[in-house]
Amino acid sequence: MKPHLAALLAALALFQAPAAHAQGKPLIYCADASPEGFDPGMWDGASTNIVSAQMFDGLLGFKRPTTELVPKLATSWEISPDAKSFTFRLREGVKFHSTPWFKPTRDFNADDVLFTFQRFIDPNHPFNKAFPANFIYPQNLGLAKAIEGIDRIDDRTVRFRLRQPNVTFVANFAFAWAGIQSAEYAAQLLKEGKASQINVLPVGTGPFMFKSYAKDDVLRMTANPTYWGGKQPTPVLVFSISREPNVRVQKLAAGECHVSAALRDVDVGALANNPNVSIEKIQALNISYLSFNLKKPPTDKREVREALDIAIDRDAIFKALFPRGDAMQAVSAFPPSVPGYNKKLKNEFDPAKAKALLAKAGYPNGFEIDLWALPVQRPTNPNGQLMAQLIQQDWAKIGVKANIKTYEWGEYLKRANNGEHNVYMSGWSGETGDADDFLTPNLSCAANKSGVKFCNAEFEKIVDEARATPDQKKRIALYEKAQEIFKHERPWITMAHSTVYIPIRKDVVGFKMAPNGSVDFEGVYRK
């Protein structure tokens with residue numbers, strides 16, 4: 001951050017402090033990872049779902065704690081009978097944040113929607129030329145291929161036209177990555193030659209405004225005084241960033257933070273009897289898995305992937321990582337609660353068969369590979385190092401030597417996207433309760449630009465057909481068939497679906513968990 005900007009923000013903080021104190025109490029969230037930036041489209045779990053979602057609104061949202069779509073920046077929407085046209089009527093009187101670095105001269109309108117989504121689908125957009133961004137989620141969805149055009153009907157109306165029917169498409173407008181940017185702010189940044197600041201000094205329409213950020217330490221936000229949804233009862237929202245889960249537990253117990261990132265299974269007991277803490281619980285739409293590099297030997301061979309999968313003793317891993325017994329072993333690419341789950345599929349544990357598969361693949365004496373351990377704690381993978389060590393032991397029994405590696409979270413994501421791994425730990429949380437929310441962003445050919453990830457023509461055809469099919473029975477049958485291909489090809493070693501526990505201090509009012517375990521502080525306050 002530039003010195004003059006830091007001074008401006010400090011002065012602003014001093015100016016606002018008395019008023020903020022009079023409004024209500026600050027709310028502190030113990031976060032588990034540092035955001036890599038604040039541009040919603042540049043998606044990663046720590047920055048988008050958890051941070052940018054406090055500062056940006058989408059056209060739609062989810063009614064917590066359900067998957068029901070509700071109006072946000074759009075007041076209503078219409079879907080054509082053929083599921084190829086989606087028309088939104090936009091909310092009037094919505095103000096973008098007024099900050100030391102940007103003063104809006106107009107309200108939110110259709111131009112902002114067009115700017116936001118044209119960045120995702122047009123690599124030649126002037127802003128993308130000035131600031132080439134990696135829009136992971138929109139790219140993985142194949143948004144550029146899916147959208148035929150975006151029409152500005154008038155200031156208050158926008159229509160999206162698709163090349164193929166997609167009965168699930170409307171839910172995208174409620175995801176955090178689809179938070180609406182200010183076209184006016186973007187034009188200012190382009191003129192000043194500072195396009196990259198869109199990811200550093202955010203401007204949204206959400207309930208909270210960016211104030212300051214120190215990586216691996218603290219992020220500060222203040223209530224948006226002109227928020228269309230009403231005055232926020234919390235004047236200051238602070239993200240206190242602590243990678244160590246036991247530190248977050250201690251801080252919450254001591255009242256140093258008021259809501260925390262999800263607890264590990266082993267930490268629930270440490271807070272269960274604290275009279276000042278309640279623990280919110282939800283059986284989340286999530287999965288953890290190990291993703292193979294399908295381009296790099298030896299994991300480019302299907303038999304090798306199957307061998308490494310069935311050599312793992314999941315029962316032993318679950319006893320060590322999930323002692324409360326609330327997690328479920330993952331068999332398919334999404335949880336059993338999602339319609340279309342194939343109940344016929346099973347996991348195996350068969351080291352002898354694994355060794356035979358390795359011999360068939362041309363590795364009778366095994367081989368040496370890298371195994372990347374998740375550097376952050378997640379409900380579905382509360383201890384990446386321990387999981388890696390247990391898998392390392394299992395693989396050693398079939399002659400495979402695994403070298404455990406890990407990196408800082410941002411570096412881990414970047415290197416994995418570049419395909420530097422053999423096997424790396426990952427995970428996913430869905431928001432809609434639809435199978436497509438798991439399959440398309442992770443397992444489509446659009447998500448596989450480099451050849452590292454899964455791209456299977458037959459699987460792709462089936463998922464595309466399911467997405468275009470309004471008949472629920474037909475969609476379920478197609479998803480069941482797609483999962484059979486997934487299980488045969490083994491692009492992932494599926495690990496766990498977990499219960500998510502979020503601890504909150506009992507003086508916190510209005511907090512509701514989401515099905516994906518994310519947090520939203522709109523309307524939340526301390527008594």
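A: Leaving aside neighbours within four places in sequence, Leu59 is in contact (heavy atoms within 4.5 Å) with Pro71, Lys72, Leu73, Ala74, Phe88, Leu90, Phe108, Val113, Phe160, Phe173 and Ile180. This is a predicted model, in which local features need pLDDT of at least 70 and side-chain atom pairs count only at pLDDT 80 or more, while totals for chains, interfaces and linings use all residues. Residues are numbered from 1 along each chain as its sequence is written, and side-chain values use heavy atoms, with hydrogens and water left out.

Leu59 also belongs to the largest nonpolar core, a set of 147 residues in which Leu59, Phe117, Phe160, Trp395 and Phe521 touch the most other members. Such a core consists of buried Ala, Val, Leu, Ile, Met, Phe, Trp, Tyr and Cys residues joined through side-chain atoms within 4.5 Å; buried means under 20% relative accessible area, exposed over 50%, and partly exposed in between, with a 1.4 Å probe and protein chains only. Helix α3 (residues 110-121) gives this core its largest share, 6 residues, where helices (H or I, at least four residues) and strands (E, at least two) are DSSP runs numbered from the N terminus. Apart from this core lies another, of 9 residues, including Leu252, Cys257, Leu263 and Leu271.

Cys257 leads on to a covalent link, since a disulfide (cysteine sulfur atoms within 2.5 Å) joins this residue to Cys30, with the sulfur atoms 2.4 Å apart. The torsion about the S-S bond is about -105°, so this disulfide is left-handed. Because Cys30 lies in strand β1 and Cys257 in the loop between α8 (245-254) and β11 (259-260), the pair ties together parts that are 227 residues apart in sequence. Both Cys30 and Cys257 are buried.

Ser34, in the loop between β1 (27-31) and α2 (48-55), is buried as well, at a relative accessible area of 5%. Its side chain reaches the backbone nitrogen of Asp216 at 2.7 Å.

Strand β19 (residues 499-505) is also mostly covered, with 7 of its 7 residues buried. Thr499, Tyr501, Pro503 and Arg505 point one way from β19, while Val500, Ile502 and Ile504 point the other way. Strand β12 (residues 277-283) runs antiparallel to β19 and is joined to it by 7 bridges, the criterion for pairing being at least two DSSP bridges between the strands. Within this pair, Ile279 stands opposite Pro503.

Methods
A polar contact is a pair of N or O atoms within 3.5 Å; within protein, one must be able to donate a hydrogen and the other to accept it, and residues adjacent in sequence count only if both atoms are side-chain atoms.
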